[in-house]
Amino acid sequence: MHDGPRRTDLGPDPPVDTIDTGSVHREVTEGRALCLSGGGYRAVLFHLGALWRLNELGWLPTLDRVSSVSGGSIVASLLGLRWRALGFDAAGVAAQFGSEIVAPLRALASRTIDLPAIALGIPLPGTVNDRLAGLFRARLFGRATLRDLPGDGEGPRIVINASNLQSGALWRFMKPYMRDWRVGEVRRPRLGVAAAVAASSAFPPVLSPAIVRLSPSAFTPRSGSDLQREPYTRTVHLTDGGVYDNLGLETAWKRYRTILVSDAGQRMEPEPRPARDWARQSYRVYELVDEQVRSLRVRQLLASYQRGERLGAYFAIRSGIERFGIDTPLAAPLERTRALASLATRLRALAPDLQERLINWGYAVRDVAMRRHVDPSLDAPAGFPYPASGI
C-alpha cells in the first residue's frame, strides 16, 4: 500500500488496489529520518550505542524524524522528552547525552519489568499492558504525555508505532496527532508517553493487547477511510509495532530521502526437526511469516539505496563488521556479535558488562555504516564508549 490516488484501470475485480492513506506527502523531501527497530532491552542498548556515535558526529540535531517500534520506542521517546536538556554545542554534539540518555536507559535495563507486569496483570484488575505502562511510567517517563515531545522546529518528530489488531493498519502516536489511516485521527492527544511506548512494546501474546479508550467525538471528522465509526473509535486494541513493521520504516520511508536504520531484530534460526504439535508448529509458522515480511522491507530499502532513490545506511545487530569494507573498524569478532544478537527479546535485567558490550557493538557498527555509506571523510573513533568491556 502507498499514498496516491485510487487506480481504476485494473479491471472490475482487481486482485490488488492502491490505497489513499490520507497522507499529504506525495513526494519525499530532503530531510533525514532515523528508524529504530524492536528487540527488547537488546534493542534498547544496541540503539543507544548507535545514538552515541551519531551524537559524536553531530548528527542528532540534523534529524527530522525518529520512527520507532517496541524497544526502539523506549529510546526514541526518552530522546524526545530529554531533547531540550541535551545541551547541543555549535558542532551539534550534546554535552549531556550521558546523563540525560545513557544513564536512565542503563538504569532501566538493569531492572526486569516484563515478568512483574505479567505477574501483576493477570490476577489484578486491568491488563498486563496496563501494568507495563505503569512500570514505564515509574521507571523512566513519569507523567509525560505526547504533548511533551518536541514540536516542529524544536527537534525531531518522534513517531511511536503500534499495530492495530482491529483494522490491521499501523497506529502512530506523535505530538500533533495519533492516527490509523482507516480509523481516523485524534489531534493533540493527551495520552501518556508510557502508555504509547507500552502499546508499541506489547509483544504478543503475553504483553498484548494494549487497550486505548477514546471518545468518538475526539476524532477529526472524516479523517478515516472506512472504519471511522464505533467500536473502532471508542476502544482501540493495539499490539507490538513490530508485528506490522519491525524496522519502524514506513512512516520515514514515505516522507524522507535520507533514511538511517538500526535493526536489532533477531533472525529465524534453522530447525532440522520442526515440532509437529499444533502450538509449536503454529509459532514456527508465525516466525517464518515474520521473517519474510522483515526481509522484504530490508530488500526494498537496500534496493532504493542502490538505485539512488534514498540515501543513508542500514545496519543490523547480526551484521558482520568486516562486510562494510572499512580499513579501521573497531574490533568486533563475528562470534561475539552473533552471541549478542541471539539474546532473548525480553525486558529482563542485563548485567552491566553485557549492557556495555551491546552499547559498544551498536556504536561500532553505526560507525562503519556511516563511514562506508554516508560520509567517507568521517574520522574513525578513538575507541569504544566502554573500552574495558569490548564486544
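Author: Start with contact, which means heavy atoms within 4.5 Å. Among contacts in the protein between residues at least 6 apart in sequence, 73% join residues at least 24 apart. This is a predicted model: local features need pLDDT of at least 70, side-chain atom pairs count only at pLDDT 80 or more, and totals for chains, interfaces and linings use all residues. Residues are numbered from 1 along each chain as its sequence is written, and side-chain values use heavy atoms, with hydrogens and water left out.

Reader: How many helices and strands does the protein have?

Author: The protein has 11 helices and 10 strands. Both are DSSP runs, numbered from the N terminus: helices are H or I with at least four residues, strands are E with at least two.

Reader: What makes the protein as compact as a globular protein of that length?

Author: Two values are set side by side. The radius of gyration is taken over C-alpha atoms, and the globule rule is 2.2 Å times the number of residues to the power 0.38. For 391 residues the rule gives 21 Å; the protein has 20 Å, which is close, so it is as compact as a globular protein of that length. Its C-alpha atoms fill a box of roughly 60 × 50 × 50 Å, taken along the principal axes.

Reader: Why is Arg53 called buried?

Author: Buried means under 20% relative accessible area, exposed means over 50%, and partly exposed is in between (1.4 Å probe, protein chains only). Arg53 has 5%, so Arg53 is buried. This residue lies in helix α1. Not counting residues up to four places away in sequence, Arg53 touches Tyr363, Arg366, Asp367, Asp379, Ala380 and Pro381. Across the protein, buried residues make up 53% of the 391 residues.

Reader: Why does Gln266 count as partly exposed?

Author: The relative accessibility of Gln266 is 29%, so Gln266 counts as partly exposed. Its place is in the loop between β9 (256-263) and α9 (278-307). Leaving aside neighbours within four places in sequence, its contacts include Arg42, Glu291 and Arg294.

Reader: Which residues of α1 and α3 meet?

Author: Tyr41, Val44 and Leu45 are among those in α1, and Phe97, Ile101 and Val102 are among those in α3. The contact residues divide into 11 nonpolar, one polar and one charged. Ala, Val, Leu, Ile, Met, Phe, Trp, Tyr, Cys and Pro count as nonpolar, Asp, Glu, Lys and Arg as charged, and the others, Gly among them, as polar.

Reader: What is the phi of Ser70?

Author: Phi of Ser70 is near 50 degrees, a positive value in a residue other than glycine. Most residues other than glycine have a negative phi. Ser70 is in the loop between β2 (65-69) and α2. With a relative accessible area of 8%, Ser70 is buried.
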